[in-house]
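Please read it alongside the coordinates.

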Amino acid sequence: MKEITTETYLKWFKDMSFWRKFEDKCRSLYLKQKIRGFLHLYNGQEALPAGLIHAMDLSKDKMITAYRCHIFPISMGVDPKKIMAELLGKSTGTSHGMGGSMHIFSKKHRFYGGHGIVGGQIPLGAGIAFADKYFNRDSVTITLMGDGAVRQGSLHETFNMSMIWKLPVVFICENNQYAMGTSVKRSTNMKEIYQIGFAYGMPSYPVDGMDPEKIAKIAFSAIERARRGDGSTFIEVKTYRYRGHSMSDAESYRSKEEIHFYKKKDPILKLKNIIIRNQWETIENLNSIENEIKKEVESCVEFAEKSDPPSLEEMYNVVYNETNYPFLDKVIQ
């Protein structure tokens, strides 16, 4: 794995701070009704993409995830201006404004979504890995899911096939403890989610989801195992989200005291304290970095707001009809 240096920590601080402020701005735009539909924010979970990207080979590795998906494509190199434009439904977005918050996608950067069906991405991730194995491509697919998605039957079918065929896929559960609004403690008899992998003989591990260095190390080990042809790994990243499941979440299932407790473990605050304690950078310079990030986020908003919505022609280009569709004559008029 690439060495974790002072520069790595400074990059993590800058990236994670940008992602946090990007999501905060999305929240503001949603309240102004400039972003419509659903919006699932990532605040509190930023250590995972930071560590994960350090461990991946972005020239060939792939990623697929669920609908809390704005930050991952940015971390993989997608222009955040295009992500913001997609959120605002503009033609300059990653899917020309027709995917929206839950369906960010970039073939160029090997980011395969953003999926709104709970757990739907799990077998798709294994499918991408199967294609890579079939065509002898030296790539590994990262397949992410929430703690609620592990209740889906497709996970068990996928884990079984992945182990039989030794697919180059790393499964990662982002356990933010609540799925939509039901605590893991109330929804499963197996509180340690990573242990699900043991039933299939899959190497499975928990990791502190608030520490990018720990995430990078365990992810790199799993990625290299997959790249060698030894098969899949399951990692449970124990994290916490500071916002609701979505913008429509009243958060009645948890207390303010609990949120405050976990905010003391804020991964960005932890990074900042480590950097200052080791005198890798001054607090004044870190504050200056944060001010520059605010300007970068505002430039994303300006780009999106100045962009045009997709034209009718663009929208009709993704809709098809077939005049000789089989059995069309049998349809009751």
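The model is predicted.

## Helix pairs

Two packed helices are described by the angle between their axes and the distance between the axes.

| Helix pair | Axes come within | Crossing angle | Hand |
|---|---|---|---|
| Helix 2 (47–55) and helix 8 (212–227) | 7 Å | roughly 45° | right-handed |
| Helix 1 (6–31) and helix 10 (267–277) | 10 Å | roughly 150° | left-handed |
| Helix 1 (6–31) and helix 4 (80–87) | 12 Å | roughly 20° | right-handed |

Take helix 2 and helix 8. Their axes cross at roughly 45°, which makes helix 2 oblique to helix 8. The crossing is right-handed. From helix 2, the contact draws on Ala47, Leu48, Ala50, Gly51, Leu52, His54 and Ala55. Helix 8 answers with Pro212, Ile215, Ala216, Ala219, Phe220 and Ile223. The contact of helix 2 with helix 8 has eleven nonpolar residues, two polar ones and no charged ones.

Next come helix 1 and helix 10. Their axes cross at roughly 150°. Angles over 145 degrees count as roughly antiparallel, and helix 1 is therefore roughly antiparallel to helix 10. Helix 1 passes helix 10 with a left-handed crossing. Tyr9, Leu10, Trp12, Phe13, Met16, Ser17 and Arg20 make the contact from helix 1. Pro267, Ile268, Leu271, Lys272, Ile274 and Ile275 make it from helix 10. By class, the contact of helix 1 with helix 10 has ten nonpolar, one polar and two charged residues.

Helix 1 also packs against helix 4. Here the axes cross at roughly 20°. Angles under 35 degrees count as roughly parallel, so helix 1 and helix 4 are roughly parallel to each other. The crossing is right-handed. Helix 1 contributes Phe18, Phe22, Lys25, Cys26 and Leu29 to this contact. Helix 4 contributes Pro80, Ile83, Met84 and Leu87. The contact of helix 1 with helix 4 has eight nonpolar residues, one charged residue and no polar ones.

## The largest pocket

The largest pocket has a volume of about 390 Å³. It is lined by 16 residues. Which of them lie nearest its centre? They are Asn175, Gln177, Lys185, Lys238 and Tyr262. By class, the lining of the largest pocket has eight charged, four polar and four nonpolar residues.

## Around Met163

Met163 sits in helix 6, which covers residues 153–165. How far apart are Met163 and Tyr200 in sequence and in space? In sequence, Met163 and Tyr200 are 37 residues apart; in space, they are 7.0 Å apart from C-alpha to C-alpha. Met163 also touches Tyr200.

Terms used. Residues are numbered from 1 along each chain as its sequence is written. This is a predicted model: local features need pLDDT of at least 70, side-chain atom pairs count only at pLDDT 80 or more; totals for chains, interfaces and linings use all residues. Side-chain values use heavy atoms; hydrogens and water are left out. Axes are lines fitted to C-alpha atoms, for helices over the stretch in contact, and angles run from 0 to 180 degrees between N-to-C directions. Helices (H or I, at least four residues) and strands (E, at least two) are DSSP runs, numbered from the N terminus. Angles under 35 degrees count as roughly parallel, over 145 as roughly antiparallel, 65 to 115 as roughly perpendicular and the rest as oblique. A crossing is left-handed if the near helix is turned anticlockwise from the far one by less than a right angle, and right-handed if clockwise. Contact means heavy atoms within 4.5 Å. Ala, Val, Leu, Ile, Met, Phe, Trp, Tyr, Cys and Pro count as nonpolar, Asp, Glu, Lys and Arg as charged, and the others, Gly among them, as polar. On a 1 Å grid over the protein atoms alone, a cavity is a set of points where a 1.4 Å probe fits but cannot get out, and a pocket is an open set with protein on both sides within 12 Å along at least five of seven lines; lining residues have an atom within 4 Å of a point. Grid points are joined across faces, edges and corners, and a volume is the space filled by probe spheres set on the points. Lists of a residue's contacts leave out its neighbours within four places in sequence.
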